[in-house]
Number of protein chains: 2
Amino acid sequence: MHILILGAGGMIGRKLTAALLAAGGLGDRPLTRLTLADVTAPPQPAAASIPVTALAADLSDPAVAARLAALRAEVIFHLAAIVSGEAEADFDKGYRINLGGTTALLEAIRAEGAQDRYCPRLVFTSSIAVFGAPFPARIPDDFAPQPLTSYGTQKAVGELLLNDYSRRGFVDGVGIRLPTVVIRPGAPNRAASGFFSSILREPLVGMEAVLPVPRETRHWFCSPRAAVGFLTHAATLDTAALGTRRSLSVPGLSATVADELAALERVAGPKALRLIREEPDETVARIVAGWPQDFDATRARALGFTGDASFDAIVRQHVEEELGGKVG
Amino acid sequence: MHILILGAGGMIGRKLTAALLAAGGLGDRPLTRLTLADVTAPPQPAAASIPVTALAADLSDPAVAARLAALRAEVIFHLAAIVSGEAEADFDKGYRINLGGTTALLEAIRAEGAQDRYCPRLVFTSSIAVFGAPFPARIPDDFAPQPLTSYGTQKAVGELLLNDYSRRGFVDGVGIRLPTVVIRPGAPNRAASGFFSSILREPLVGMEAVLPVPRETRHWFCSPRAAVGFLTHAATLDTAALGTRRSLSVPGLSATVADELAALERVAGPKALRLIREEPDETVARIVAGWPQDFDATRARALGFTGDASFDAIVRQHVEEELGGKVG
């Protein structure tokens with residue numbers, strides 16, 4: 001089967017690419033061709049045993065979206081988006097990329113399928129940012145998405161369009177509301193959520209990290225490996241079981257900062273904890289207080305989605321995948 | 001104040017126009033100018049005491065939307081839409097008019113306000129069609145909109161965009177999820193919901209009407225006058241009280257077909273009931289079974305929205321406004 005990954009250059013895109021090439025297929029179907037697209041061409045994976053094409057593509061251009069749809073991939077992973085902070089800072093760019101890109105893709109697939117029955121599985125990465133406070137401590141599956149950011153709005157609209165295009169038979173869509181992914185590898189970034197990763201990532205290599213919020217702050221997480229697992233499961237799922245509601249809150253892990261630090265201590269010892277510097281930041285604390293803390297995810301569990309076993313497992317996964325098994 | 005009504009040629013648009021001209025203002029602000037727009041120019045109201053302009057305008061054309069925004073009306077009522085059945089039959093037209101029109105309007109207002117602080121009150125007619133089964137018997141305010149039609153999808157997306165454009169300060173939006181309006185004046189139409197009106201309207205003038213569903217069928221209603229009241233209240237409301245959730249389920253009337261017919265009998269006597277011909281239609285019954293039956297509407301009630309007192313009042317309103325007070 002031919003798989004197309006849009007936004008393949010990002011962290012999840014690269015992990016997904018590696019996982020698909022390692023598995024050699026999806027479910028019981030062998031992978032025969034892989035196309036990787038992003039605004040700048042993603043790196044060509046080393047030593048792939050199947051043809052892999054990496055290309056630069058601005059999905060929000062309808063002509064580009066048409067060329068991507070014309071590839072007739074059986075499965076399309078649509079991860080392409082600019083992040084929350086950038087979509088908030090640049091209103092036009094956020095709508096053009098995050099909503100215009102999704103609309104252009106859906107329309108291109110519909111046009112491609114107008115002559116025959118081309119109707120690919122489309123896995124859309126939505127986000128827990130579709131929910132905004134106030135909400136219950138544990139958000140049920142049928143709670144109203146009422147985003148508090150333009151990014152969340154663009155994702156929530158994408159979910160609605162995915163439902164309607166799927167109901168009409170133009171695509172076979174599944175939307176996954178990704179939890180906050182920890183531990184993000186690489187350098188600290190300036191996202192308000194960045195500290196959730198950095199308070200683990202930096203001490204694991206002997207570096208100090210700043211904690212801007214109280215330790216009882218609770219949030220909703222998954223590891224990079226769990227995120228990839230949600231996406232590949234979404235690609236192979238029997239969508240008849242989804243009905244008309246194509247987007248899912250998936251089983252992340254609800255944990256506090258204290259839970260994160262306890263896991264860090266169990267994996268890396270008490271010296272790692274001494275690298276945490278508490279610097280309360282009211283702005284960050286206020287932003288984070290508007291974010292979801294826990295989800296029910298009953299539907300996704302019933303559909304066979306599984307997340308991380310524990311925060312210890314999340315920390316160990318990072319040590320294994322990014323640090324060669326060594327804690328610094 | 002200058003008021004602009006988009007979709008002024010429709011049933012609600014005409015009733016709203018008449019109500020605004022009769023009241024001479026909105027809240028405590030006098031009406032000084034009225035602009036009526038629709039795909040074909042709406043009729044010029046007779047004997048208006050203020051300047052009224054009626055014009056033909058396809059809102060989905062960005063240049064047209066820009067010209068409408070340049071009028072700088074203080075209040076814009078956006079009622080323009082093609083109906084559910086047509087949006088389902090013609091996918092492209094539905095998205096162009098119902099979503100493209102709303103998007104073009106929001107963008108035109110944002111562009112108009114980019115130089116200064118133009119930020120009109122925008123009253124958007126959403127619909128209970130944003131909700132699709134399964135849902136609880138009584139739908140709470142924070143239940144997820146999961147439409148089962150393209151029309152409902154277009155309205156639900158409009159609600160999300162209205163929130164985000166309002167949050168960013170580009171418009172001051174309020175969305176009203178209109179219940180099914182009964183008694184619609186005029187000839188029977190072919191909407192699946194048409195019988196809710198015709199089983200009252202036709203017997204009131206001595207004509208037979210077909211009832212295609214069981215008498216225990218429950219649905220959510222408001223009169224034309226209540227619909228206009230919801231819209232004018234939305235135009236004068238203090239939106240600070242709305243917070244970031246700009247769309248509201250309003251206090252309609254939950255009633256069964258049996259309730260409707262009992263009201264008919266009380267107003268028009270037992271002879272009216274003998275004009276009801278039961279012709280069960282499984283297709284209509286199945287469609288109607290997927291529609292909302294009752295809403296909580298707690299937020300809207302707290303914000304001062306009021307609906308119809310009873311179904312008797314709805315029937316009497318029709319007799320008074322459309323039949324000159326006479327039951328045939």
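The legends below describe a predicted model.

**View 1. Helix 5 of chain A against helix 5 of chain B.** In each chain, helix 5 covers residues 150-167. The two axes come within 10 Å and cross at roughly 180 degrees. Helix 5 of chain A and helix 5 of chain B are therefore roughly antiparallel to each other.

**View 2. Residues that meet between the two helices.** On helix 5 of chain A, the residues in contact are A:Ser150, A:Thr153, A:Ala156, A:Val157, A:Leu160, A:Asn163 and A:Asp164. Their partners on helix 5 of chain B are B:Ser150, B:Thr153, B:Ala156, B:Val157, B:Leu160, B:Asn163 and B:Asp164. By class, this helix contact holds six nonpolar, six polar and two charged residues.

**View 3. The whole contact between chain A and chain B.** Chain A gives 18 residues to the contact, and chain B gives 18 residues. On the side of chain A that touches chain B, helix 5 of chain A supplies the largest share, seven residues. That side of chain A is made up of eight nonpolar, six polar and four charged residues. Of the interface residues of chain A, 100% are also interface residues in chain B, so the copies meet through the same surface.

**View 4. The axis relating the two chains.**

Terms used:
Residues numbered from 1 in each chain as written. Chains lettered and ligands numbered in written order. Predicted model: local features only at pLDDT ≥ 70, side-chain atom pairs only at ≥ 80, totals over all residues. Axes fitted to C-alpha atoms, helices over the stretch in contact; angles between N-to-C directions. Helix = DSSP H or I, 4+ residues; strand = E, 2+ residues; numbered from the N terminus. Parallel < 35°, antiparallel > 145°, perpendicular 65-115°, else oblique. Contact = placed C-beta atoms within 7 Å. Nonpolar A, V, L, I, M, F, W, Y, C, P; charged D, E, K, R; others polar.
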